Amino acid sequence: MSHPLNIPRRLLLRASALCAALFLAACDPSQFGGGGGAIDPSAPVPVALLVPGAEGTTGEIAGLSRSLENAARMAMADLQGVEVDLRVYGTGGTAGGASAAATRAADEGAAILLGPLFAEAANAAGNAVAGRGLNVLAFSNNTAIAGGNVFVLGNTFDNVARRLTSYAASQGKRNVLVVSAQTAAEGTGRDAILRAASSNRLNVVGNITFPLSEEGIRSAAPQIASQARSTGADAIFFTSENAGAMAFLPQFLQEEGLSSDVAQYVGITRLDLGDGALAAPGIQGAWFALPDPSLSNNFRSRYATTYGSSPHPLAGLAYDGIAAVGALASQGRADALSRSALTQGSGFVGVGGIFRFRSDGTNERGMAVAQIQNQRSVIISAAPTRFGGAGF
């Protein structure tokens, strides 16, 4: 059956825009060591918040910057027994701006840096203060910049892939087909699935990529269906977002006779986001991962009550950063923000559940698994509440 498939260029360009922005190329900061700024346990903790906006910035970036600051101040109000002296610095979203902001923050006595957002900027900020003994909790999800004095707060594809492949294995899935569009971000997601599948003893029976275009999406469907049948795939992992290929691909696969009832659909992006996403043809039955919904919903509700608007989807990262700083500072140690303290095994609790930093600068986050059922998102595996429990 022929279908009109008119994907606006702006939609394709934005399909993974934010994700791709977070994955900008960066140099390797691992040559540096992060000692962590010493603090006075009896005084407010000086924390620098680096946001992508700058003086005169308007539009989406200004809104994002404001949302990050609002979330950080919400977290400050929630701390018990710890005061934070928050100082906000605009980076302009550039590496040069981030380097200058980080240097100024260090000069003005910051003990730790939260942000910036984009990978190049975060890498530059880390380099700028590495010799000052300061750690950086970047909002990026690009693991390439992690290491040395830079830790990434953003949820990574590796986290999602590990959670979903582990759950798939627990449900008896064995043969995995991986499907991705030919973009940098989706390539990173694909590689994360391949690593996680191997760790969970899943057999990867195919790895299909296609151009992120109208013709590419349409042409991929029969190829995916054919390979799924010929290899006996019982799970298909997709890296695309609803703003891109997943707005159309599940319907095309269903028309090829390959629904989630035949081979379990698994998305490593949030398949519930976007207007009409839960009612999209072919998507019923699909699995995806998400932060602990009870905690996430509570954060959004409180934010809306406090500020009269919804938080930006990334705002919770600033809250998490302050929560981690507060938890460590409450221990009353001068070296509370050192590398060894930041990587404590018990981790922290943020707006989406538990998280912790790994020694390589990446992070682990506890996530729930949901399924789309009758145009609703239904939790089928709860988010873990401690490390080492179910889900890890």
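## Basis of the description

Contact here means heavy atoms within 4.5 Å. Axes are lines fitted to C-alpha atoms, for helices over the stretch in contact, and angles run from 0 to 180 degrees between N-to-C directions. Helices (H or I, at least four residues) and strands (E, at least two) are DSSP runs numbered from the N terminus.

The model is predicted, and local features need pLDDT of at least 70, side-chain atom pairs count only at pLDDT 80 or more, and totals for chains, interfaces and linings use all residues. Residues are numbered from 1 along each chain as its sequence is written, and side-chain values use heavy atoms, with hydrogens and water left out.

## The parallel sheet

An open sheet of five strands runs in the order E2-E1-E3-E4-E5, with parallel pairing; two strands pair if DSSP finds at least two bridges between them. Strand E2 (84-90) and strand E5 (150-152) are the edge strands, each with a single partner, so one side of each has no neighbour in the sheet. From one strand to the next, the twist averages 25 degrees.

Seven parallel bridges join strand E1 (residues 45-51) to E2, and Val-45 stands opposite Val-84 in E2. Helix H4 (residues 95-107) lies across E1, E2 and strand E3 (112-114), at about 150 degrees to E2.

## Helix H3

Helix H3 (residues 59-78) has 20 residues and should span 28 Å at 1.5 Å a residue, which agrees with the 29 Å between its end C-alpha atoms; the expected span is 1.5 Å times one less than the number of residues. Buried residues of H3 include Leu-64, Leu-68, Met-74 and Met-76, where buried means under 20% relative accessible area, exposed over 50%, and partly exposed in between (1.4 Å probe, protein chains only). Among the elements covering them are E1, E2, helix H10 (293-307) and helix H11 (315-329).

## Nonpolar cores

A nonpolar core is a set of buried Ala, Val, Leu, Ile, Met, Phe, Trp, Tyr and Cys residues joined through side-chain atoms within 4.5 Å. The largest has 45 residues, of which Val-47, Phe-139 and Ile-322 touch the most other members. H11 gives the most to this core, with ten residues. Apart from it lies another core of 35 residues, among them Ile-208, Ala-245, Leu-258 and Ala-263.

Contacts of Phe-139 beyond four places in sequence include Leu-49, Leu-68, Leu-114 and Leu-317.

## Ser-180

Ser-180 belongs to strand E6 (residues 175-181) and counts as buried because its relative accessibility is 0%. Beyond four places in sequence, Ser-180 touches Glu-186, Arg-190, Ile-208, Thr-209, Phe-210 and Thr-239.
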